[in-house]
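Visitor: Hi! I'd like to talk through a structure with you. Could you put it up?
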Amino acid sequence: MITQHSSAWTRIAPGLALLGILGVLASCAAVPEKAVAADETAAVGRYDQALHDLLPADIRERGLLRVGTDASYAPMSTFGPDGRTIVGSEPDLGRALGEVLGVDVEFVHRDFMRILPEVRDGSLDLGMSAMTDTRERERKVDFVTYFSAGTAVLVQHGNPEGISGLRDLCGKKVAVEDGTTQVDLLARAQSHCAATIRVRRFATNSDALLQLRTGRVAAALNDLPPAVYLVSDPRTAAQFQFATTTQYEPGLYGVAVAKNRPGLREAVQAGLSRLVDSGVYAEVLSRWKIQEGAVGQVTVNSGR
Amino acid sequence: MPRRPRLHPGTRLFLVYAAVSLVPVTLLGLALIHGYQERGQAHAREQGLAEAQVIEQMAVAPALRGADLSVGLTPHQRSYLQSSTDLALFNGSVTSLQVLDFEGQVAFSDDGGSTSQVAVDDPGFQTALAGGTDLRISGRSVRVLQPVFPETSGQAVGVLEVYLPYSDILAKVQEETRTAVPRMLAGLLALYTVLAMISFLTTRALTRYAVEHERQALHDSLTGLPNRELFRRVASRALTRSARLGHRPGGALVVVDLDHFKEVNDTLGHHAGDELLQVVAQRLSDSLRSDDTVARLGGDEFGIILPSRDRADTVALLCEVRRALSEPVPVSGRILSVEASFGVCFFPDDADTVEGLLQHADAAMYQGKHGPQGVVVYEPGGSTPQVDALVLQGELRRALDHEQFVLLYQPKIDLATGRVTGVEALVRWQHPERGLLAPAEFLPVVERSELIVSLTRWVLGRALADLVAWTAVGHDWTVSVNVSAKNLASLSFAEEVIDLLDRSGVSPSRLCLEVTESAIAFDLETTAEVIAALSASGIAMALDDFGVGYTAISQLRALAMDEIKIDRLFITGLAELEQDRAIVGSVIDLAHSLGCTVTAEGVESAEVATWLGQAGCDHAQGYLWLRPVPWPVLAAYDQSGSALRTGQTHEHRPREVPA
């Protein structure tokens with residue numbers, strides 16, 4: 001290289017000129033590149049008439065999918081700054097799904113406990129709220145799985161109670177969101193305890209975290225992604241930390257679909273699969289920094 | 001000329017500086033005051049926002065948990081909200097408080113009303129809908145609009161419209177401003193003062209420098225008098241003014257030249273010359289009015305402008321100035337006497353340009369050098385055309401080289417015997433073009449230059465040679481030679497004369513050297529020394545032109561004089577004037593009592609000669625006997641007694657200037 005450079009002094013000037021031209025070309029090329037990237041983000045999914053036709057007639061008529069979510073589970077689903085718009089990875093996936101299916105998607109806030117009943121009675125078309133697909137729930141609704149996550153144990157910053165795992169929760173007060181798999185997890189953990197785990201259940205995950213923040217409970221159980229979000233967000237990092245790196249009982253999140261809506265489940269599964277295949281799914285997950293929980297394929301009723 | 005009171009340029013410059021620097025200082029002050037007000041406002045906003053947030057989170061939001069404003073508040077929510085806000089409202093910590101739903105409808109109002117002051121399309125309301133907080137300061141209250149988030153999830157239920165008292169915040173801000181602004185103003189004032197002082201000092205220094213520079217450019221550094229340039233300006237102004245006002249007032253331009261100044265420089269050094277010039281400058285200034293202008297034109301030449309004076313006044317004044325100048329001056333431990341020639345011309349009569357006036361005054365001054373008056377008024381179309389002094393000097397040098405000078409002799413008669421006892425050598429210039437020139441035409445120039453030394457040497461040599469010649473044919477006449485002040489200023493002069501005598505083999509007693517009063521007065525000490533040396537070697541010394549110079553009697557005492565020659569001024573009118581007779585008689589007695597012989601000059605009548613003989617005067621010279629002639633002619637006269645007496649001419653005779 002050195003000899004080449006030193007023996008090619010005369011070629012430096014044209015070389016510089018070439019560099020200049022390349023620079024101009026590069027700067028010209030940069031703009032369309034970015035524009036393409038922006039288009040991909042915006043074009044969340046490509047509309048598919050066949051999938052649209054799979055939808056139940058009333059939904060096609062309405063042109064709208066109503067999706068229930070508990071907007072207290074950042075970064076999956078949470079309220080935006082205006083206190084009314086629901087934002088997060090789930091609304092983004094839902095909107096992309098709507099694009100593919102050719103319908104509008106509306107996310108509405110519901111306490112976690114109310115989601116399945118409303119899906120079943122048709123008040124909601126779908127439930128998408130970091131809900132783990134379990135055998136028990138499969139008895140009420142069908143699940144189209146789209147994410148994988150386990151449970152983390154959160155404690156107050158500094159871990160004043162010295163909790164290092166599920167076992168240490170015996171005899172302690174623990175806050176969980178009502179109706180979640182964490183409630184079941186604690187019930188199962190109870191069997192290893194001499195002293196009873198005093199489980200406090202709250203309508204939203206935020207209420208459970210408020211209890212921990214104010215020292216009224218010793219720990220709170222959260223899915224891993226929102227827990228990571230909590231301990232890394234500068235506004236909450238000073239208040240919470242993980243008790244242990246262990247992730248308990250990993251499971252799959254599923255979109256809850258009523259069993260009596262023929263075609264809806266198939267449409268959702270096909271749509272989500274299309275998003276996974278087209279990369280929109282991965283793009284949404286990485287936008288919310290939860291790509292570790294990505295699934296390779298979209299399944300139905302995979303609960304244990 | 002109407003005069004307006006005008007500001008000094010330096011003061012004006014300073015005022016401009018002061019005014020200009022006032023602008024940035026004022027702007028800075030305004031910017032700072034504006035900054036204080038801005039900060040006060042910002043402070044008020046921050047405080048308002050913080051208060052509103054606390055009110056929202058601590059009093060309003062807890063009461064509205066689970067509320068749905070579109071359907072209204074439950075009685076519990078309403079009473080909760082009332083109880084949590086009552087005290088703040090009652091105490092005035094909060095002026096007014098409403099909760100609106102997202103459509104802008106009032107869900108709660110502190111006074112039970114149902115209409116809001118906020119329109120739905122109010123930008124503040126739109127900001128609150130989007131999750132932001134809007135704060136406006138209007139009148140005496142601060143209005144804050146912000147969403148209410150009762151849930152931990154961050155879900156909003158409506159918009160809080162709260163009015164906080166602004167007067168407290170305002171008072172605080174005003175209080176801060178009240179204390180800060182005077183401090184700032186004092187600082188700015190100090191800054192401005194410093195700026196002003198700096199510019200004052202700078203402009204003053206600059207002005208002084210400029211004034212000094214101007215002064216130096218137009219003044220002579222030695223005497224502090226205006227220089228030639230300023231003199232020209234003043235003269236030109238005076239000319240213009242006299243031209244504008246008509247001929248009547250007019251004025252005079254005078255050129256003054258010191259006699260024998262060069263000798264002072266040569267013998268006593270430049271320092272003495274400078275000292276003398278300073279004294280002269282001082283005396284000239286002192287003897288004139290404040291309207292008059294004295295300037296040093298260069299060297300020993302001064303110029304005077306006397307505006308608005310008539311001729312008689314001017315001449316009288318200048319004579320007085322000349323007298324004042326001639327007072328003895330102590331310079332470098334010696335007493336010098338200064339004589340000066342004044343050339344006067346009048347404007348606008350004589351010339352209408354400064355150049356012309358200077359030329360005329362110069363011409364008159366040169367005439368004055370030749371005459372006894374000292375003050376000479378220029379006469380248009382006057383006597384001799386002036387020959388340029390430098391041209392003349394060149395010609396004189398050639399004349400010396402080519403022996404163009406001749407000596408004529410005037411006899412000195414012993415009044416007792418009527419015999420010729422001696423002769424006075426008088427120099428003439430045989431000019432190749434202008435013919436035989438009288439001393440008046442060239443001697444003043446010679447005396448002002450070094451030529452005088454050579455000329456005196458030539459005259460002495462020629463006279464001694466002639467003396468040897470007439471001795472050989474049997475005449476025992478002594479010879480008198482005039483020497484100038486410059487000769488007497490040099491100590492080597494005595495040796496030179498003695499050497500000449502030796503070489504010609506003439507006895508020193510047969511040589512008489514005549515010196516004028518003014519030559520002696522110029523530097524008495526050196527002159528006295530030279531005279532003493534000459535006298536000691538046996539040479540007779542005569543004091544020439546006695547009575548018209550300024551010799552003090554005391555100076556006579558100090559000089560080894562053998563003979564005193566009374567000036568013709570006293571002799572000519574002797575027959576008519578009793579006073580002259582008294583003076584001449586006294587001088588004869590004085591001379592005799594000092595051991596000197598007396599010679600009367602300019603005797604033109606037998607009557608005078610008779611009177612002089614009776615008064616005891618020893619010798620006499622004059623046209624009564626003979627005008628200056630070559631010595632062989634004189635020899636013939638002496639031998640034939642009064643042979644030539646009848647051939648005596650009565651032509652108007654020019655005054656002899658001693659050579």
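Guide: Happy to. One term before we count: helices (H or I, at least four residues) and strands (E, at least two) are DSSP runs, numbered from the N terminus. Also, this is a predicted model.

Visitor: Good. How many helices and strands are there in chain A?
Guide: Chain A has 12 helices and 12 strands.

Visitor: And what share of chain A's residues count as buried?
Guide: 43% of its 304 residues.

Visitor: What about contacts in chain A with a separation of 6 or more: how much comes from residues 24 or more positions apart?
Guide: Those pairs make up 76% of such contacts.

Visitor: Let's go to the core. Which residues have the most contacts inside the largest nonpolar one?
Guide: They are A:Leu126, A:Leu154, A:Val174, A:Ala219, A:Ala220 and A:Ala256, in a core of 78 residues. Strand β7 of chain A, residues 141-156, gives the most to this core, with 10 residues.

Visitor: What does A:Leu154 touch?
Guide: Leaving out residues up to four places away in sequence, its contacts include A:Leu212, A:Ala219, A:Ala220, A:Phe240 and A:Phe242. A second, separate core has 63 residues, among them B:Leu574, B:Val608, B:Trp625 and B:Leu634.

Visitor: Switching topic: in what order do the 3 strands of the open sheet in chain A run?
Guide: The order is β2-β3-β4, with antiparallel pairing. The edge strands, each pairing on one side only, are β2 (72-73) and β4 (86-87) of chain A.

Visitor: How many bridges join β2(A) and β3?
Guide: 2 bridges, in the antiparallel sense, with β3 covering residues 77-79 of chain A. In β3(A), A:Ser77 is the bridge partner of A:Tyr73.

Key
Residues numbered from 1 in each chain as written. Chains lettered and ligands numbered in written order. Predicted model: local features only at pLDDT ≥ 70, side-chain atom pairs only at ≥ 80, totals over all residues. Pairing = 2+ DSSP bridges. Core = buried A, V, L, I, M, F, W, Y, C linked by C-beta atoms within 7 Å. Buried ≥ 20, exposed ≤ 12 C-beta atoms within 10 Å, placed from the backbone. Contact = placed C-beta atoms within 7 Å.
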